[in-house]
Amino acid sequence: MKKDSDEKKISSFQMLRRISVFIKPFIRLFVLSIFLNILFSTFDAITIASIKPVFQLIFPASEGTEVRQTPANDDSMTEIIPTPESLTRIKDYLYQVLNDLIEEPGDKIATLINLGIFIIIAFILKNFFKYLSSVVSLKLQEGVIKSIRDKVFDRLTSLPIGFFTKSRSGNLMSIITNDVTALNNSTISSFTTVLRETTKILLFLVILFSISTNLSFIAFSTSIVSLVLVNLAMKYIRRYAKRMQSAMADYTSTLQESISGIKVVKAYNAEGSANGRFFSDTARYVRSAIKHKKIIALIPSINEIFAILALCVVLFVGGVQVINNEMPPEELMTFLFALFAIMNPISLVINAVSKFQLGYVAAGRVFTILDEEPEKETGKKVIDNFNDTIEISGLDFAYDEGAVIKDVSLKIKKCTKVAFVGASGSGKSTMLDLIVRFYDPAGGRITIDGSDIKEYTLKSYRSLFGIVAQESILFNDSLSNNIKFGSPDADDNTIEESAKVSNAHGFISKLPERYNTYIGDRGVMLSGGERQRVSIARALVRDPEILIFDEATSALDSESEKIVQEAINHSLENRTAIIVAHRLATIIDCDEIFVFDKGRITEHGSHSELLEKNGVYRKLYDIQFAANQG
């Protein structure tokens with residue numbers, strides 16, 4: 001995994017464009033969400049606009065009182081910018097429609113009742129569309145977040161083994177869980193909020209400007225201050241958001257490592273050390289989160305103070321106009337209610353824009369994974385059987401820290417049993433990884449039946465192999481599903497036959513649910529020997545041409561090793577086998593043994609031939625024989 005400094009750098013526009021790709025499959029929900037949010041915002045504005053007829057009905061103008069219209073060339077400070085005539089006509093038309101709906105000529109009580117009914121219906125519709133828009137928006141957001149999470153996981157499973165050797169599994173987990181969630185909450189969810197609240201703002205602006213352009217400009221003079229504040233705060237918000245996501249990844253990694261290694265933690269009385277590490281990571285997250293929140297919370301607070309200041313100025317200027325009969329009092333009250341109502345949408349929009357920085361940081365981490373190059377599919381040919389020979393010629397391979405395999409050449413004939421032995425770090429397990437093509441060599445080539453393995457698709461080539469590693473990786477699922485993992489079409493008979501060959505059927509039959517028994521996380525409910533036999537059954541169920549055992553018995557006690565070794569011997573009938581072994585007693589009957597030393601093959605031959613050479617193999621054998629005698 002790349003470090004934070006190497007994470008994908010994208011602009012805000014690029015991020016939104018890339019996220020839009022995930023929204024495309026949900027375009028109907030997206031459009032419906034927009035439509036419902038517009039309806040919700042419209043009825044929200046209508047409820048505010050209905051204030052004017054309420055005041056007109058309850059507080060009618062006194063007889064003989066007439067509102068004086070200010071001439072366009074009047075020098076009065078109360079009306080600097082006249083209201084556009086088009087907005088005035090729209091306002092008058094809408095209020096005329098409203099009056100036609102509710103007015104009962106000559107009967108103010110009936111009109112008041114109609115007005116009350118209208119307001120109730122408006123509020124019911126407003127909340128009805130608010131509910132629907134919330135449900136649709138949630139479906140949209142959860143659909144998009146699932147799509148992104150699935151895409152990230154799909155990309156992870158397509159990446160080469162080398163990527164995972166350089167990455168912390170907890171960090172990858174944090175990206176799929178925390179970062180994708182933050183990406184949704186800070187972008188997709190914020191976009192919905194911005195859309196809804198902007199619609200409200202526009203509708204309220206129509207109301208405000210239709211009443212008084214002059215008062216509207218006075219009221220929104222504070223928006224300049226808000227924009228300056230947001231612009232100044234952005235770099236700090238992004239900085240602390242980045243630290244938050246990094247700290248979150250660290251404590252997720254620590255959590256994952258501590259839980260998976262809980263036996264080691266307890267065995268070494270290291271609970272305090274594990275706790276201290278986790279507490280330190282969470283403390284760093286809290287510090288960054290608090291700093292991030294301080295800035296996020298400060299912006300709307302300051303914005304509201306300036307907004308209230310503007311409201312008071314409007315109250316004064318508008319009050320003067322009402323006193324001077326330049327504005328009807330009901331219009332001033334409607335203006336003040338609309339101005340007060342617009343403050344919350346503006347605050348939500350500013351807050352959403354501020355939160356967007358957290359999504360920006362999360363997007364950088366998510367797209368870092370999505371932009372990783374998957375395993376290179378160099379070939380197009382499909383292989384379904386192994387007929388003669390696997391030949392390795394002049395193979396070289398190096399990790400970042402240095403060469404591991406140096407000029408290795410060997411041949412593996414069909415239906416033979418070969419072994420790789422050598423001291424720890426000699427290159428034998430890396431040789432297996434190269435044969436299975438988890439890595440590609442830096443030099444040399446590997447051929448199967450005369451063709452370079454790079455000519456074949458990875459899927460078809462790897463289907464030739466069944467692999468049993470030193471650590472049995474099982475899943476929190478039934479025994480049946482663990483055995484047929486990777487072979488979903490395997491039927492019950494095939495599963496049972498594979499279990500019988502691997503000596504697993506006996507203990508499985510004694511379990512309460514037999515093959516339907518759940519075995520816990522990583523197969524914790526089984527013993528080490530039982531887990532290895534299940535792993536062998538899983539390798540056999542796909543009917544592989546070549547079986548690979550990578551120190552499959554080295555972690556077992558003598559009794560379990562004997563049972564598993566019998567299972568290995570049963571599974572090798574009419575198959576090619578490649579065995580990496582630490583205990584030489586388990587590979588004595590191999591057709592050929594290759595001895596690795598510092599990345600090279602120093603000797604090869606049968607067990608007896610190697611003993612006669614009196615070389616590295618003999619030294620290893622004597623050391624183990626002496627240890628066993630002791």
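Two residues are in contact here when they have heavy atoms within 4.5 Å of each other. Once its neighbours within four places in sequence are left aside, histidine 582 is in contact with Glu551 and Gln624. Histidine 582 and glutamate 551 are 31 residues apart in sequence, while their C-alpha atoms are 6.4 Å apart in space.

The model is a predicted one, in which local features need pLDDT of at least 70 and side-chain atom pairs count only at pLDDT 80 or more, whereas totals for chains, interfaces and linings use all residues. Residues are numbered from 1 along each chain as its sequence is written, and side-chain values use heavy atoms, with hydrogens and water left out.

The chain as a whole comes to 21 helices and ten strands, where helices (H or I, at least four residues) and strands (E, at least two) are DSSP runs numbered from the N terminus. Of its 630 residues, 47% count as buried, a word that means under 20% relative accessible area, with exposed standing for over 50% and partly exposed for what lies in between (1.4 Å probe, protein chains only). The chain exposes about 32700 Å², of which carbon and sulfur atoms supply 58%; such areas come from the Shrake-Rupley method with a 1.4 Å probe, and for residues only the protein chains shown count as cover. Among the contacts in the chain with a separation of 6 or more, 80% are between residues 24 or more positions apart.

Two of the helices, α5 (residues 108-158) and α7 (residues 169-211), pack at an angle of about 150°, with their axes 10 Å apart. The axes are lines fitted to C-alpha atoms, for helices over the stretch in contact, and the angles run from 0 to 180 degrees between N-to-C directions.

Together with Ile109, Ile113 and Ile117, Ile121 forms a nonpolar patch on the surface, and the four have about 380 Å² of accessible area together. Patches are made of residues with over 30% relative accessible area and no salt bridge, like charges being joined within 9 Å and nonpolar side chains (Val, Leu, Ile, Met, Phe, Trp, Tyr) within 5 Å.

The structure holds 16 salt bridges, each being a side-chain nitrogen of Lys or Arg within 4 Å of a carboxyl oxygen of Asp or Glu. In one of them aspartate 44 pairs with lysine 200, and the closest N and O atoms are 3.4 Å apart. Since aspartate 44 lies in helix α2 (residues 27-49) and lysine 200 in helix α7, the pair ties together parts that are 156 residues apart in sequence. Aspartate 44 is buried, with a relative accessible area of 11%, and lysine 200 is buried as well, at 8%.

A second bridge joins lysine 414 to glutamate 545, with the closest N and O atoms 3.1 Å apart. Lysine 414 lies in the loop between β2 (402-413) and β3 (417-422) and glutamate 545 in the loop between α18 (528-540) and β7 (546-550), so this pair ties together parts that are 131 residues apart in sequence. Lysine 414 is partly exposed, with a relative accessible area of 31%, and glutamate 545 is partly exposed at 22%.

Lysine 500 and glutamate 497 form a further bridge, whose closest N and O atoms are 3.9 Å apart. Both residues lie in helix α16 (residues 492-501), three residues apart, about one turn of the helix.

Helix α13 (residues 428-436) is mostly covered, seven of its nine residues being buried, among them Met431, Leu432 and Leu434. Arginine 437, which follows α13, has a positive phi near 70°.
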